[in-house]
Amino acid sequence: MSSSTFALGAVLGAMSGNHPGAWRMPSADTSAYTDTASIVRAAQAAERGGLDYIFLPDRVFIWGDLESGPPIVSMEPTLTLAAIAPATRRIGLVTTISTSFAEPYTIARQVRALDVMSHGRAGWQAIPSYEPEAFANYGLPVPEREEKYERFNESVQITQALWGSWRREAGTPDKTTGRFADTSQIRPVNLQGRHVASRGPLQIPPSEQGQPVVFMPFASGLGVQAAARYANGIIAHAPTMEQSKSYREMMRSMTVEAGRDVDEVKFLSFFALTVGPTLEEAVRRRMVLEEAAGIEGRLAQLSAVLGVRLDPADRDKRLTTTQTLQLRPHPGVAQAAYAIELAQQGRTPTEILGHGVLDPAPSIVGTAEQIADTLQEWVQTGAADGFTVTIDDLHDGMDAFVDQVVPVLRRRGLRPDDYTGTTLRDHLGLPAQLGVDPRLAADR
């Protein structure tokens, strides 16, 4: 990455797309939530646009209401990315594995295997789980927060130590001398924590990038402290540009306190996107998706956001004067003020929905230029180092983003014209690392 460009990735969690109506569109395949071919196609489209990475989140329980749609996460992400790896060449592949259930040796082995298979393109989103449903599936009680993060810290450090247990100095197999590897450079780690331990070494050599890139979500308290110590990518959900700027500044300050270089950590904000040739066409696209999602249920949610009851029979009529006077933004909804502004402009309920007001903020429904304007503003004001975008309908939404938005970003010098490196570390401009960060060695 150059100083003028920002990082860019995409979430490929829900197989049909981020919008709850995507699976009901005429073009949707109802079996897509278990079809790796569909996610391979989306990954290839993202790579065609030069995106730095695709990110697969995970939940180890049924996440979502199966009565109204497919599970938000179904297929195991590391295996899914293993299917994507040979079908792509440059794009980074970021999996999610919880330290609450997997042992460090298992994590190190699986993600290193993905890294080697993809020639240095793997990333690991390291998370501790918190959901009672997840712990129940493993027959475990939900631990106290401090205990959960104690195990997390041990797991990340042992995993990284295992990645460094096979050094590059071990060499490559030599038929002439008969020496397969210099075993003095493949050594046990012998690490014992209170929760997890490993002898090592790992039986897989390093990839072209040394070891996978560590990502973490932005979380308060102990989560931020851990991210400042280990993460190179912080995938964050910040409702507004001001909050994102505050989160990023906090993260950079804590990274320095942890003894690391602040530029080694990329703050990557989520953004939900719907793109169209014009704003009106983008809104109409979303209106179709809202209808597919079940318009009565979506209007009920909008009623709560606006503070007035909306009759589905009047969804294509402007709000009455009485309703407009009664508008009260829901305090827990980031885009409630925007929804009220649209209502006061005379937009109908379906048009208000078409502007994405029910999306977890931040969200943009608009043209490629409008989307580029917003992303550029966030970066230039110090609110983000890049973005992880979610696509409304993957049937054509990724192609629309790649064909319409990415060229605008490239013309503005915000994205490179093509990949300038081969590994995920190259894409993000990160230094090489093999093993535990020596700046944190005292914590081992």
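Predicted model: local features only at pLDDT ≥ 70, side-chain atom pairs only at ≥ 80, totals over all residues.

Trainee: Why is H1 called roughly parallel to H14?

Mentor: Helix H1 (residues 36-48) and helix H14 (residues 397-411) pack at an angle of about 15°. Angles under 35 degrees count as roughly parallel, so H1 is roughly parallel to H14. Their axes lie 9 Å apart.

Trainee: Which hand does the crossing of H1 and H14 have?

Mentor: The crossing is right-handed.

Trainee: What makes the contact between H1 and H14?

Mentor: H1 gives Ala42, Ala45, Ala46 and Arg48. H14 gives Met398, Asp399, Val402, Asp403 and Arg410. Contact here means heavy atoms within 4.5 Å.

Trainee: How many nonpolar, polar and charged residues does that contact have?

Mentor: There are 5 nonpolar and 4 charged residues, with no polar ones. Ala, Val and Met count as nonpolar, and Asp and Arg as charged.

Trainee: Now the second largest pocket. What is its volume, and which residues lie nearest its centre?

Mentor: The volume is about 420 Å³. The lining has 15 residues, and Gln335, Tyr338, Ser363, Ile364 and Thr374 lie nearest the centre.

Trainee: Which elements give two or more residues to that lining?

Mentor: Strand S10 (363-366) and helix H13 (368-380) do. The largest share, 4 residues, comes from S10.

Trainee: What classes of residue line the second largest pocket?

Mentor: The lining has 8 nonpolar and 7 polar residues, and no charged ones. Tyr counts as nonpolar under the scheme used.

Technical notes
Residues numbered from 1 in each chain as written. Heavy atoms only, no water. Axes fitted to C-alpha atoms, helices over the stretch in contact; angles between N-to-C directions. Parallel < 35°, antiparallel > 145°, perpendicular 65-115°, else oblique. Left-handed = near helix turned anticlockwise from the far one by under 90°. 1 Å grid on protein atoms, 1.4 Å probe; cavity = no way out; pocket = protein on both sides within 12 Å on 5 of 7 lines; lining within 4 Å. Points joined across faces, edges and corners; volume = space filled by probe spheres on them.
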